[in-house]
Amino acid sequence: MDQEDRIALFLDYENLALGARDQLGGMTFDLRPIADALAERGRVVVRRAYADWSYFDEDRRMLTRSHVELIEIPQRMGATRKNAADIKMAVDAVELAFERGYISTFVICTGDSDFTPLVHKLRELNKRVIGVGVEKSTSALLPPACDEFLYYDRLEGVDLPAARSRRNRPVSRTGGGHPQQRVEPEPEPQPPADEPARDVDTLAVLVAQTVAGLQGSSSGAVTASTLKRTLLRKDPTFSESDYGFRTFGELLRHLADQNVIELADGPAKGDPEVSLPEHGDREVAFGLLRSVVQDLAGGQGAVALSGLKNQLRRARPDFSEKKLGYRSFLQFCKAAATSGVVELAWSPEADDYLLTLASADRVRFADRT
């Protein structure tokens, strides 16, 4: 139990309830999916929700059954109290951070950017902060401020109402000769236009680059848990489930099967070491580079770096240096030069890097010709 995170849960309830109603087809907010997600992350020791509960009578019963302390922020007659709940919640969270040192994680459930300073302050106090909000009603400023951000509508157990599509009613042909209206098939539901594409190739690039960065910045092994924390620091909304994987381990095994990474036994069970392949695809890519440089240079001249990547893609359309962990094509070419595959030098006259075959390759090519 001593290793468990102690979690304090704070709900800006009006923001969540109205966000679910307005953005998720009128659905009623349910705390259970949030509670389940937090149960996987630690032990929730504080649960507080802030609102004028006269407007949420039914919700009050649901929250009470979940052992949530309801903080009443009444709306005064003839006065606006828009920020009353926000201020009270922020003050209580900071007070708790000072008084309960054993609480390591604060969960701020809201989509309101007004809570961004609170998130920054809690992180200054060495607290981990998880945000939760309805995706379409969450300010773009809030997720990057958190250590992790969960979109409520993506949580397991949130059943979004199916989008209704109107059908054309058939009209029978009458004696007056009116034409029969054709019945249009019901269209397939389409994902929202503003939702970014989440493909595994893009994910493979992100993971490879992150592993390469961790290997370059630390002397120790990169474990799966370290990789997951780093991915969340880069993008607090990251979740392997968005790419169709049930667990992070399943995602890593898939990328290992694709030769993007390699897995080995780690210091703890279920936390393998992650590394980039030393051979395999990288050596194939180096061979491709050498072959293209040889063809373009004719064995004698030099090839400019500009435009060379397009030539590699003509020979191999799926080529991507980023999948190999390199942040740029220049970095990839420098690695090939370090391995003795090609020679790379800056040319002031060409105002570009020039690649040539390594000396031994040029000699062998000349002997063949």
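Predicted model: local features only at pLDDT ≥ 70, side-chain atom pairs only at ≥ 80, totals over all residues.
Reader: Before I start, what should I know about the model and its numbering?

Author: Residues are numbered from 1 along each chain as its sequence is written.

Reader: How many helices and strands does the protein chain have?

Author: Helices (H or I, at least four residues) and strands (E, at least two) are DSSP runs, numbered from the N terminus. Here the protein chain has 12 helices and 11 strands.

Reader: Which strand joins strand 1 over seven bridges?

Author: Two strands pair if DSSP finds at least two bridges between them. Strand 1 (residues 6–12) runs parallel to strand 2 (residues 43–51), and seven bridges join them.

Reader: What hand does the unit of strand 2, helix 3 and strand 3 have?

Author: Point the strands away from you: a crossover is right-handed if the path from the first strand over the helix to the second runs clockwise. Strand 2, helix 3 (residues 57–65) and strand 3 form a β-α-β unit that is right-handed.

Reader: Is strand 4 enclosed or open?

Author: A residue is buried at under 20% relative accessible area, exposed at over 50% and partly exposed in between (1.4 Å probe, protein chains only). Five of the five residues of strand 4 (residues 105–109) are buried, so this strand is largely enclosed by the rest of the structure. In a regular strand the side chains alternate between the two faces of the sheet. In strand 4 both faces are covered, with Thr 105, Val 107 and Cys 109 buried on one side and Phe 106 and Ile 108 buried on the other. For the whole protein chain of 369 residues, 40% count as buried.

Reader: Which strands pair with strand 4?

Author: Five bridges join strand 4 to strand 1, and the two run parallel; Phe 10 stands opposite Ile 108 here. Strand 4 also pairs in the parallel sense with strand 5 (residues 128–133), over five bridges. The bridge partner of Thr 105 in strand 5 is Arg 128. Between strand 4 and strand 5 the chain passes through helix 5 (residues 116–124), in a right-handed β-α-β crossover.

Reader: What is the order of the open sheet of three strands?

Author: The order is 9-11-10, and the pairing is antiparallel. Strand 9 (303–304) and strand 10 (342–347) are the edge strands, each pairing on one side only. Six bridges hold the antiparallel pairing of strand 10 with strand 11 (residues 352–357). Ala 345 has Leu 354 as its bridge partner in strand 11.

Reader: Which residues lie nearest the centre of the largest pocket?

Author: On a 1 Å grid over the protein atoms alone, a pocket is an open set of points where a 1.4 Å probe fits, with protein on both sides within 12 Å along at least five of seven lines; lining residues have an atom within 4 Å of a point. The largest pocket is lined by 38 residues, with Glu 40, Arg 41, Glu 148, Lys 228 and Glu 240 nearest its centre. Helix 7 gives the most to this lining, six residues.

Terms used: Heavy atoms only, no water.
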